[in-house]
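Good morning, colleagues. Please take a moment with the sequence and the coordinates before I comment on them.

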Amino acid sequence: METTEPRLVDGVRDGIATLVISNPAKRNAMTAGMWRSLPGVLDRLAADPAVRVLVLTGAGDTFCAGADISTLREPGDEQQTLAVRAEEALAAFPKPTLAAVRGYCVGGGSQLAAACDLRFAAEGALFGITPAKLGIVYPSSSTRRLAALVGPATAKYLLFSGELIDTERALRTGFVDEAHPAEGLAKRVEEFCRILASRSLLTQAAAKEFADGRLDRDAHWAAQARGSGDTAEGVAAFLERRTPRFTYGL
């Protein structure tokens with residue numbers, strides 16, 4: 001029998017790691033234990049050479065309805081600290097990450113989605129960041145990441161009001177990169193992730209660092225490019241009109 005206990009479920013197929021937030025009794029809300037375990041899961045997947053892309057999604061029809069409020073008073077590490085650690089671990093994942101969003105993407109769910117490189121959503125999904133409804137101060141790092149993604153005005157709208165926005169508005173403001181009918185989302189995510197998995201991880205990893213503000217490692221990435229063979233392979237494949245076989249990270 002399949003367990004209904006809150007957990008993170010991961011698997012790898014054809015270079016694509018899928019990480020599923022599963023807490024069906026509470027719309028996939030993240031418990032303290034789930035927040036705590038996420039960095040370790042990400043470390044394991046990052047170290048796996050078979051993984052070229054990571055997809056984060058939720059079980060069933062919901063991405064993640066936020067943090068499980070019932071665990072906010074759990075003794076030990078505060079849940080917000082755990083959430084920030086998990087978010088930072090996701091943002092630092094060294095390979096492309098994509099959030100596949102259906103249904104509610106609220107609070108901690110939006111925090112995780114924003115930490116991914118890309119977000120594809122099903123039509124009808126709802127997005128919101130709700131600390132103002134609970135009197136919680138949203139973390140500064142999370143606020144800066146949100147503002148960089150959607151702009152200060154939209155970030156303030158979401159944080160000041162706690163109101164939910166639909167997929168169309170999320171797409172228009174830049175929170176979402178692509179929107180698709182619910183029945184076509186999985187196919188599009190798989191199709192796009194196969195494209196990402198076929199590209200040079202060297203290019204992707206360097207671009208991710210530079211786009212995220214790490215501007216001090218040009219020499220490092222130049223050395224990686226010289227030693228990897230990906231550039232020579234890419235040029236040769238182009239001239240020979242064949243699919244390149246990139247090996248960086250393998």
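Arg169 lies over the face of Tyr157, at 4.2 Å from the ring centre. Here a charge counts as sitting over a ring if NZ of Lys or CZ of Arg is within 6 Å of the ring centre and within 35 degrees of the ring normal. Arg119 is placed over the face of Phe175, at 5.9 Å from the ring centre.

The model is predicted, so to speak of local features we need pLDDT of at least 70, side-chain atom pairs count only at pLDDT 80 or more, and totals for chains, interfaces and linings use all residues. Residues are numbered from 1 along each chain as its sequence is written, and side-chain values use heavy atoms, with hydrogens and water left out.

I turn to the sheet. Six strands form an open sheet in the order 1-2-3-4-6-9, with mixed pairing. Strands are DSSP runs of E, at least two residues, numbered from the N terminus, and two of them pair if DSSP finds at least two bridges between them. At the edges are strand 1 and strand 9 (178-180), each of which pairs on one side only. On average, neighbouring strands of this sheet are turned by 20 degrees against each other, direction ignored; the axes are lines fitted to C-alpha atoms.

How do strand 1 and strand 2 run? Strand 1 (residues 7-13) and strand 2 (residues 16-22) are antiparallel, joined by seven bridges. Val9 stands opposite Val20 in strand 2. The two strands form a hairpin with two residues between them, and Asp14 in the turn has a positive phi of about 55 degrees.

By contrast, strand 3 (residues 53-58) and strand 4 (residues 97-101) run parallel, with four bridges. Thr57 stands opposite Ala100 in strand 4.

Notes
Axes are lines fitted to C-alpha atoms, for helices over the stretch in contact, and angles run from 0 to 180 degrees between N-to-C directions.
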